[in-house]
Amino acid sequence: MKTAYIDCIAGAAGDMLLGALVDAGLPVSTLEAGLAKLGIPDFHLHIGKVSKNGFGATKVDVHAHDDAPERHLREIRELVEAAGVSARVKERALRVFTRICECEAEIHGTTVDQVHLHEVGGVDAIVDVVGVLAGFEALGIGRVVVSPLPLGRGFVRGAHGEIPLPAPATLALLRGVPVCGSPVDKELVTPTGAALLVELADSWGPLPAMTLREVGYGAGSRELAIPNVVRLMIGTADASNGWTSETITVLETNLDDERGEAIGHVARRLMAEGALDVVSIPAQMKKDRPATVVKVLARPADADRLETILFEETSTIGVRRAETRRDALPRRA
């Protein structure tokens with residue numbers, strides 16, 4: 001299977017992901033042909049090589065004469081649905097913009113239909129979203145893994161004045177996503193970048209096992225103390241035996257003072273909250289006490305939430321955690 005790993009070295013934005021795709025081998029002619037199907041007049045791409053702290057990277061800028069930089073979801077939906085891109089790209093693009101509108105509606109206390117997107121509703125943002133989704137489709141990438149996202153601090157000026165970073169919309173979009181702090185006092189992950197990564201990611205965490213084929217660097221606009229790039233690694237997972245590989249988190253705890261009914265309850269709750277599997281194993285602890293080892297298999301993005309359930313629902317005072325590789329046969333229900 002063709003697998004991509006998005007390494008968010010300095011965060012992510014739509015134009016950075018576009019640049020990484022081109023740098024990793026997406027033909028510019030293919031990108032431009034796909035975007036021409038949007039039917040939006042008066043925009044063009046400026047694509048060139050730049051250096052970010054010594055790293056060569058591709059920078060993509062969308063130049064547009066946009067008479068409507070603010071759009072409602074209905075207008076964006078009409079534009080995307082009328083485009084000549086594939087049905088899957090349309091579906092995914094609409095999910096991206098719907099997520100953004102839902103978060104904005106929650107933040108501003110209004111409805112999705114009443115929200116009008118400012119910077120995210122412009123032609124450049126629409127081109128970024130559709131271009132990235134069409135680019136991943138054109139390269140035939142079947143699985144995407146994304147690194148934890150670094151979030152900067154500070155303030156940025158938006159349509160409503162000074163906004164604290166990370167932007168409220170970005171934080172709302174990243175619920176359930178692994179994030180980490182950054183020493184950079186700048187906006188590192190934009191709402192568009194966050195929504196795109198949530199749509200693209202099949203899982204979050206470290207680099208998966210694969211045979212590396214292509215590497216691309218997409219550049220951001222700002223000059224930072226660290227390389228302002230997104231790194232895209234594309235490879236193939238070994239499918240010779242008919243299975244795929246992924247990274248999962250294993251949570252484990254020993255319980256020597258818990259009723260069996262309580263362990264059954266927590267196992268059911270863990271499964272309902274997204275655990276891949278929950279196993280209880282009889283064990284014997286110090287002073288010959290009978291005990292139960294509870295082992296939880298989880299996607300890395302779900303591990304913190306599931307660990308919290310173990311602390312809330314059982315008598316444990318400690319949970320062991322490990323990242324491991326899982327080889328899995330394809331399955332269907």
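In this predicted model, Asp 7 and Arg 231 pair up through their side chains in a salt bridge, with N to O at 2.8 Å. Asp 7 sits in strand β1 (residues 2–7) and Arg 231 in strand β13 (residues 229–236), so this contact ties together parts of the chain that are 224 residues apart in sequence.

Another salt bridge brings the side chains of Asp 15 and Lys 59 together, N to O at 3.5 Å. Here too the link is between distant parts of the chain: Asp 15 belongs to helix α1 (residues 14–23) and Lys 59 to strand β3 (residues 55–64), 44 residues apart. Asp 15 is buried, at 17% relative accessibility, and Lys 59 is buried as well, at 9%.

Then there is Glu 273, which forms a salt bridge with Arg 305; the closest N and O atoms are 3.6 Å apart. Glu 273 lies in the loop between α8 (260–272) and β15 (277–284), whereas Arg 305 is part of helix α9 (residues 303–313), and the two are 32 residues apart.

Altogether, the count for the model comes to 22 salt bridges.

Key. Residues numbered from 1 in each chain as written. Predicted model: local features only at pLDDT ≥ 70, side-chain atom pairs only at ≥ 80, totals over all residues. Heavy atoms only, no water. Salt bridge = Lys/Arg side-chain N within 4 Å of Asp/Glu carboxyl O. Helix = DSSP H or I, 4+ residues; strand = E, 2+ residues; numbered from the N terminus. Buried < 20%, exposed > 50% of the residue type's maximum accessible area, 1.4 Å probe, protein only.
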